[in-house]
Amino acid sequence: MGETPLSPELIRPAASTDPAETFAAAARLIERAAGIVGAANVSAADDVDDYLDAYALGDRRTFLPGGAVRPAEAEQVQAVVRAAGELGVPLWPIGRGKNLGYGGPAPRVPGSVVIDLTRMNRVLTVDDQTAYAIVEPGVSFFELHDELLQRGSRLWASVPDLGWGSVVGNALERGYGYTAHGDHQQFVCGLEVVLPSGELIRTGMGALPGSEAWPLYRGGFGPGLEGLFMQSNLGIVTKMGVWLMPRPERFAACRIAIDSEEALPQLVDAMRELKLDGTVDGVVNAANAVGVAAGMSPRERWYGGDGVVPDDVVRLLADDLGIGLWNVKCAFYGSDALLDLKEQRLRGAIAAIPGSTVIVHRYDGTASADEVEPVDHFAAGIPGMLLAEGVRWRANGTGGAHIGLCPVSPLTGEHVVEASRIMRTHIEAAGFDYIGGWLGTARHAVNVLMIFFDAADPVEAEKVRVAFSELVPLLAAKGYGEYRAHLEFMDTVAAQFSWNDGALLEFVRTLKQAVDPQGILAPGKQGIWPR
Ligand code: ADP
């Protein structure tokens, strides 16, 4: 059984189409699509600035779209997909296109037509009784939050660090927020999908005419398909059911800090136990001191020298900001009596770690955004843009960009420290600060290396590319695989998932061939290419 990474040829077959042909076919599709969605809702190839990757590693036009189409309803998506099939044009669906660090709105194959779903931004249903919403793919986290408030709903949505992305795009990409519903893929129930043939399906109970359990019971009758459309190029999602969290009576936003690297394994293990026993409800979010500082200030505030910010400066900045060398945010929910018990248990577990501190803020579930400290907004699913500042860490001009390397490991001190060590050693050798963190559910950690760089500086961007390309296989050799990847690295990451000579990728390609024989839908996404 093969245990080495797959060969590039297996990942990406030799290109069968000439890029010039793809762009020419895209132009024909744009013309046709204007008749479907209206001339104001298409963009030709010379008008795609809004669809370039603002955080590209080098030339933004590497992943150049051949145009964009903005449908307003599922029927229009179907018609455009059918037209693309007839004309042989690759498509690339996006929600809000804020998938920055992974390619933003840009497609994997140059000349692809972006299906921009921003206009499909209705919250179709909010059901307070059984606690779910059905949203269209263009609904942003800000919009869902506002809609819930406007409707006087008792429900909360979980939000990622930045609120401008789409609820659907984030969940399909397996993004995270920080409430009890923070592992977003776990709270998807019921999809409506346009297949590459143009056919429309509803998953699970959605296939039973009139069933109200579509967004409530994932099973349906037969195989569950939600996962098939995540990080996938098998369909375009036009509706999604998402389970929401009933507003708690009270909630606690908690910050834990440790003042040494040595205590990190203990902190990780303690957080796992607190998640496993149900003390902590929300997804655990940890960041090192430089990571916290980068979220609020440019680098020069702390260090004007070349090279990596030295350890003594890191200690000074941590003291100045009143943070630790590692910092955890987490949340728990319930009545005050329950919070008392949870807080006591959490404080007891953390007190056993040398050099640790705990700060807990409690709020009413009904507290408005103004009444909750901005640093605690994560716990209540209040969307914001606070962390967008981070891109100015190294670049104060317009080139500020980031890319994330996020290998998954077991949530144990040993593994998190090892993943962190590999990433830190490598990225510091390349001259970048180690901005690290991890997200913890009860069992796995997504170990985050955030690389802030100046995209306007080609030399710097190239260094990032090299470091990233080297780190992916290094981490994979330890069993740590990326949970998501920028367009540039999708093939490299997919190649690491090679167990049994790449049998999984082969199976997915068989599915791809069956449902999309022409390979028109997002070819190359996650390393899945048409045969
Ligand atoms: P964000 O939600 O952050 O704005 P995007 O809209 O760019 O992110 O979506 C991220 C990725 O998710 C896209 O590149 C695409 O691969 C996938 N995606 C987004 N929306 C859909 C959809 N409705 N159907 C299928 N895939 C989607």
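Student: Where does Ala 131 lie?
Tutor: Ala 131 sits in the loop that joins strand 5 (123-127) to strand 6 (132-135). Helices (H or I, at least four residues) and strands (E, at least two) are DSSP runs, numbered from the N terminus. Residues are numbered from 1 along each chain as its sequence is written. This is a predicted model, where local features need pLDDT of at least 70, side-chain atom pairs count only at pLDDT 80 or more, and totals for chains, interfaces and linings use all residues; side-chain values use heavy atoms, with hydrogens and water left out.

Student: What is the phi of Ala 131?
Tutor: It is near 65 degrees, a positive value in a residue other than glycine. Arg 174 likewise has a positive phi near 65 degrees. That residue is in the loop between helix 5 (167-172) and strand 8 (188-194).

Student: Now the ligand. How many residues surround it, and which are the closest?
Tutor: A residue belongs to the shell if one of its heavy atoms lies within 4 Å of the molecule. Here 21 residues surround the ligand, and Gly 95, Arg 96, Lys 98, Ser 166 and Val 237 are the closest.

Student: Which elements supply at least two residues of that shell?
Tutor: Strand 3 (91-94), helix 5 and strand 10 (236-243) each do.

Student: How do the shell residues divide by type?
Tutor: Ala, Val, Leu, Ile, Met, Phe, Trp, Tyr, Cys and Pro count as nonpolar, Asp, Glu, Lys and Arg as charged, and the others, Gly among them, as polar. This shell has eight nonpolar, nine polar and four charged residues.

Student: How far is an oxygen atom of the ligand from a polar backbone atom of Gly 95?
Tutor: The distance is 2.5 Å. For Arg 96, a ligand oxygen is 3.0 Å from a polar backbone atom. For Gly 97, the distance from a ligand oxygen to a polar backbone atom is also 3.0 Å. On its own the ligand exposes 550 Å², and the protein buries 97% of that. Those areas come from the Shrake-Rupley method with a 1.4 Å probe; for residues, only the protein chains shown count as cover.

Student: On to sheets. What is the order of the open sheet of four strands?
Tutor: Two strands pair if DSSP finds at least two bridges between them. The order is 1-2-4-3, and the pairing is mixed. Strand 1 (42-43) and strand 3 are the edge strands, each pairing on one side only. Strand 1 pairs with strand 2 (residues 67-69) in the antiparallel sense, over two bridges. There, Val 42 has Val 69 as its bridge partner in strand 2.

Student: Why is strand 8 called largely enclosed?
Tutor: Seven of its seven residues are buried, so the rest of the structure largely encloses strand 8. Strand 8 pairs with strand 10 in the antiparallel sense, over five bridges. Leu 191 has Met 240 as its bridge partner in strand 10. Strand 8 also pairs with strand 9 (residues 200-202), antiparallel, over three bridges. In that pairing, Val 194 stands opposite Leu 200.

Student: What phi does Gly 198 take in the hairpin of strand 8 and strand 9?
Tutor: A positive one, near 100 degrees. The hairpin has five residues between the strands.

Student: Last topic: aromatic rings. How many aromatic pairs are there in the whole structure?
Tutor: Rings of Phe, Tyr and Trp (its six-membered ring) pair if their centres lie within 6.5 Å; planes under 30 degrees apart are stacked, over 60 edge-to-face, and the rest tilted. The search finds seven pairs. Trp 156 is in strand 7 (residues 155-156) and Tyr 333 in strand 14 (residues 326-334), so the pair ties together parts 177 residues apart in sequence. Both Trp 156 and Tyr 333 are buried.

Student: How are the rings of Tyr 176 and Tyr 483 placed?
Tutor: Their centres are 5.8 Å apart and their planes at 50 degrees, so the pair is tilted. The two residues are 307 residues apart. Tyr 176 is buried at 7%, and Tyr 483 is buried at 14%.

Student: Which residues do ring pairs link into a cluster?
Tutor: Trp 156, Phe 251, Tyr 333 and Tyr 363.

Conventions: A polar contact is a pair of N or O atoms within 3.5 Å; within protein, one must be able to donate a hydrogen and the other to accept it, and residues adjacent in sequence count only if both atoms are side-chain atoms. Buried means under 20% relative accessible area, exposed over 50%, partly exposed in between (1.4 Å probe, protein chains only).
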